[in-house]
Amino acid sequence: MLVVGFGAAGRVYCEAFAKAGAKVTAVDPALNATAMEAAGRLGIDTSHTLPDTLDGMDLAVVLTPASVSLKIEAAIGERPGDCPVLDLTSSTPEAMHAAQELLGDRLVDGTVMGAVGLGGVATPMILAGEKAQAVADILAPLGCRITCLDGVPGDASTLKLLRSLFMKGLEALVVETQLAAATLDQNENLPLALSDLSE
C-alpha cells in the first residue's frame, strides 16, 4: 500500500496499517531523519518521491494538502499500475471531478468524519466512487470504519462540506454560550443548565 503524505493524519494511518500487518510505503518530500527512523521501526518504507511504478500496489492513499492533490494524482496516473487511488484530502467536489478526469474509475473520493488525532484509524470514513467497495474491503480489516455511498467522486466531499458547515455553526454556538455565561457570571452553573444534553 502506498500512502502519499506523512503528516499528522498520514502517520496515524501508516502506523495503524503497518501494525495490522499491511506492507506500507510512505511518500513525503518533507520527510526528515526522525520521521524516517520512526517509520522504519514499524516496518514502514519511506521515500521522498513517488515510486516509478505502482505495479504490485493494492491501493494508493493521498493524504497531502488539498492544494497539491491534483498534482500528485496526475503523477500517479502517469505511472504503470492500476490500483485504486483513495483521495482523503479536504479537496472540493470540483477538485474530485478533476481528479476523476485524470484517474477514471480508479479514483475513490473519501472523507473522514471526525478528528483522526482523536479517533485514530477507526474515525468514520465515507467513500464514493466505482471502486469504493474494493477500497473498503482492503481497509476494513486494517481497522477502518467505512460507509460506501452509491455515488460518484465528489459526493463524499460534498458531505464533508455539509459537516463543516454544521460543525462551524456548533462551534460558534458554544463560544457564544460561554461568553454569555461569563457575562452573567454563570460559568460554574452552565454545565448544570446543559446537563440533560449529556444523558
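Predicted model: local features only at pLDDT ≥ 70, side-chain atom pairs only at ≥ 80, totals over all residues.
The chain contains eight helices and eight strands, where helices (H or I, at least four residues) and strands (E, at least two) are DSSP runs numbered from the N terminus. The C-alpha trace spans about 65 × 40 × 30 Å along its principal axes. An accessible surface of about 10700 Å² was computed for the chain, 57% of it belonging to carbon and sulfur atoms; such areas come from the Shrake-Rupley method with a 1.4 Å probe, and for residues only the protein chains shown count as cover. Among the contacts (heavy atoms within 4.5 Å) with a separation of 6 or more, 53% are accounted for by residues 24 or more positions apart.

Grid points are joined across faces, edges and corners, and each volume is the space filled by probe spheres set on the points. The largest pocket holds about 270 Å³ of space. Its lining comprises 17 residues, of which Val4, Pro29, Thr64, Val68 and Ile72 are the closest to the centre. Helix 3 (residues 66-77) gives the most to this lining, with four residues. By class, the lining of the largest pocket divides into nine nonpolar, five polar and three charged residues; Ala, Val, Leu, Ile, Met, Phe, Trp, Tyr, Cys and Pro count as nonpolar, Asp, Glu, Lys and Arg as charged, and the others, Gly among them, as polar.

The second largest pocket has a volume of about 170 Å³. Its lining includes Leu88, Thr89, Ser90, Thr111 and Lys160, and five nonpolar, four polar and one charged residues make up the lining by class. One cavity of 30 Å³ or more is present in the structure, and the largest cavity holds about 30 Å³ of space. This cavity is lined by Thr89, Ser90, Ser91, Asp109, Gly110, Thr111, Ser157 and Lys160. Strand 6 gives the most to the cavity lining, with three residues, and helix 7 (155-183) supplies at least two. The lining of the largest cavity has no nonpolar residues, but six polar and two charged ones.

Leaving aside neighbours within four places in sequence, Thr111 is in contact with Leu88, Pro124, Met125, Ile126, Ala156 and Lys160. Thr158 lies in helix 7 and counts as partly exposed, at 34% relative accessibility. The C-alpha atoms of Thr158 and Ser91 are separated by 9.7 Å, although the two residues are 67 residues apart along the chain.

A further buried position is Leu139, in helix 6 (residues 132-139), with a relative accessible area of 1%. Apart from residues up to four places away in sequence, Leu139 touches Met1, Phe17, Leu59, Leu86, Met125, Cys144 and Ile146. Leu139 and Phe17 are 122 residues apart along the chain, with 8.3 Å between their C-alpha atoms.

At the start of helix 2 (residues 33-41), a side-chain oxygen of Asn32 reaches to within 3.2 Å of the backbone nitrogen of Thr34. Just after helix 2, Gly43 takes a positive phi of about 80°. Asp185, a residue other than glycine, also has a positive phi, near 55°. Asp185 is placed in the loop between helix 7 and helix 8 (190-193) and counts as exposed, at 66% relative accessibility.

Terms used: Residues numbered from 1 in each chain as written. Heavy atoms only, no water. Polar contact = N/O pair within 3.5 Å; in protein donor to acceptor, adjacent residues only side chain to side chain. 1 Å grid on protein atoms, 1.4 Å probe; cavity = no way out; pocket = protein on both sides within 12 Å on 5 of 7 lines; lining within 4 Å. Buried < 20%, exposed > 50% of the residue type's maximum accessible area, 1.4 Å probe, protein only.
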